[in-house]
Amino acid sequence: MSHKKRTRENLDRFIPNRSAMDFDYAHYMLSGGKVKKEHYGVNSPSKEAYSKQLAEIFNMNRTRILAFKNKPPHSAERVSESPSSIQQSKTVKKRRYIPQSSERTLDAPDILDDFYLNLLDWGSNNVIAIALGNSVYLWDASDGSVTELLTVDDDFGPVTAVSWSPDGRSLAVGLNNSHVQLWNTLQGSSRLMRTLQGHRLRVGSLDWNGHILTTGGMDGMIINNDVRIRSHIVGTYRGHNQEICGLKWSASGQQLASGGNDNLVHIWSISMGSANSTHQWVHRMTDHTSAVKALSWCPFQSNMVASGGGIGDQCIKFWNTNTGACLNSVNTGSQVCSLLWNRHDRELLSSHGFIDNQLAVWKYPSMTKISELLGHTSRVLHMAQSPDGYTVATAAADETLRLWNVFGNPTTETKPVLKRKLEPFFDLAQIR
């Protein structure tokens with residue numbers, strides 16, 4: 001009995017992966033071959049040819065018969081597996097660490113609590129522009145210096161939008177009186193270059209496409225302005241019937257996404273903007289049930305854009321801009337104010353309003369929430385991404401500007417210098 005018991009304990013049972021076995025060939029070899037030997041009659045040439053072809057077909061996969069796809073290791077190999085290799089395997093699967101608090105917090109007094117405006121941008125020159133009331137301030141991320149760029153009179157202000165040109169040399173400033181100002185911001189020579197007119201009401205959305213500055217106003221108009229020429233209006237898009245809340249050009253510069261207070265998302269083609277057309281959109285999306293301000297083009301799938309709806313919608317939706325189809329929709333549970341894609345991984349960052357005023361990091365395409373960042377005490381209206389794509393600046397109605405290291409750690413050579421100096425804006429008198 002003891003011998004049987006030991007034998008039973010020492011048995012090691014393996015369960016074969018039947019998908020790796022070729023039962024047809026096994027049956028042929030077990031039965032087909034024997035049948036051939038049992039029949040001594042002479043086969044016709046056609047039967048002989050058929051049998052030969054059948055044998056060739058089966059023999060092509062003969063190495064898979066009763067074979068494991070992944071053979072189990074010998075017990076000695078399993079014992080010799082070192083703890084370091086196991087630990088290395090676990091390290092590969094470890095989730096990236098995302099700091100739960102902001103890297104720094106800056107004072108931003110008098111920032112407007114208005115969902116429809118776009119008051120923050122981070123240029124390729126590594127300078128953040130933020131509109132505070134009637135003024136625009138520049139914060140240089142490389143040395144922490146602060147510059148007041150402009151202050152407008154009440155007849156013109158408040159400032160309703162800011163947007164850096166692609167080369168970081170010019171800043172477009174939208175105003176409450178419907179004008180758009182272009183400022184040269186080269187160090188030591190900041191000056192007003194020109195004023196663009198064309199809208200009837202305030203301009204709350206701006207985006208650049210090369211030398212084309214696209215502006216969106218409360219009048220529902222979208223205008224393409226060529227800033228190089230005197231007669232700057234080179235195209236218009238008509239389709240929204242309420243204020244334009246968001247504008248974003250695709251990386252190729254061929255398509256423009258717009259969101260409005262009319263709950264609509266439009267996709268426009270650069271070739272279709274003309275002063276005479278009245279129905280030019282490529283696609284009109286009507287699925288949102290609240291104002292759409294948050295728009296972000298996917299960096300790794302050029303024909304996809306994400307949009308976020310306001311308090312009455314609370315959804316992030318993904319659109320195929322070639323077909324106009326909605327690829328996915330996720331209810332976030334709160335107002336979606338802004339969206340940014342991670343340029344280094346398949347992740348999406350969203351900023352929100354009531355009730356938690358949080359930032360949420362989502363894994364794409366599963367849209368699993370992998371992190372939630374808290375700190376703001378009022379809705380996070382604006383987000384902007386550093387030139388290297390790792391750091392995100394957020395501005396909220398709580399009158400703070402926060403910097404978050406949310407998209408990983410850059411190498412020493414490429415990381416923007418954000419910690420050289422003490423807190424900027426420490427002297428509140430200089431920016432009030």
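This report covers aromatic pairs, charges over rings and salt bridges in a predicted model.

## Basis

Residues are numbered from 1 along each chain as its sequence is written, and side-chain values use heavy atoms, with hydrogens and water left out. In this predicted model, local features need pLDDT of at least 70 and side-chain atom pairs count only at pLDDT 80 or more, while totals for chains, interfaces and linings use all residues.

## Aromatic pairs

Rings of Phe, Tyr and Trp (its six-membered ring) pair if their centres lie within 6.5 Å; planes under 30 degrees apart count as stacked, over 60 as edge-to-face and the rest as tilted. The count by this rule is 8 aromatic pairs. One of them joins Phe300 and Trp341: the ring centres are 5.5 Å apart and the planes stand at 85°, so this pair is edge-to-face. Phe300 sits in the loop between strand 18 (292-297) and strand 19 (304-309). Trp341 belongs to strand 22 (residues 336-341). The pair links distant parts of the chain, 41 residues apart. Strands here are DSSP runs (E, at least two residues), numbered from the N terminus.

Phe300 is partly exposed at 28%. Trp341 is buried at 3%.

## A second pair and the cluster

Phe318 and Tyr364 also pair. Their ring centres lie 5.2 Å apart with planes at 50°, so this pair is tilted. Phe318 is in strand 20 (residues 315-320). Tyr364 is in the loop between strand 24 (359-363) and strand 25 (368-373). Again the pair links distant parts of the chain, here 46 residues apart. Both Phe318 and Tyr364 are buried.

One aromatic cluster takes in Phe300, Phe318, Trp341 and Tyr364.

## Charges over rings

A charge sits over a ring if NZ of Lys or CZ of Arg is within 6 Å of the ring centre and within 35 degrees of the ring normal. Arg284 lies over the face of Trp281, 4.0 Å from the ring centre. Lys293 has its charged end over the ring of Phe115, at 5.6 Å from the centre.

## Salt bridges

A salt bridge is a side-chain nitrogen of Lys or Arg within 4 Å of a carboxyl oxygen of Asp or Glu. This rule gives 7 salt bridges. Among them is Asp113 with Arg379, at 2.9 Å, N to O. This pair links distant parts of the chain, 266 residues apart. Asp113 is in the loop between strand 1 (104-107) and strand 2 (120-122). Arg379 is in the loop between strand 25 and strand 26 (380-385). Asp113 is partly exposed at 46% relative accessibility, and Arg379 is partly exposed at 21%.

Lys363 and Asp345 meet in a salt bridge at 3.3 Å, N to O. Lys363 lies in strand 24 and Asp345 in the loop between strand 22 and strand 23 (347-352), so the pair ties together parts 18 residues apart in sequence. Lys363 is partly exposed at 28%. Asp345 is partly exposed at 30%.

## A further bridge and a network

The side chains of Lys369 and Glu372 form a salt bridge at 2.9 Å, N to O. Lys369 has a relative accessible area of 37% and is partly exposed. Glu372 is partly exposed at 28%.

Key:
Helices (H or I, at least four residues) and strands (E, at least two) are DSSP runs, numbered from the N terminus. Buried means under 20% relative accessible area, exposed over 50%, partly exposed in between (1.4 Å probe, protein chains only).
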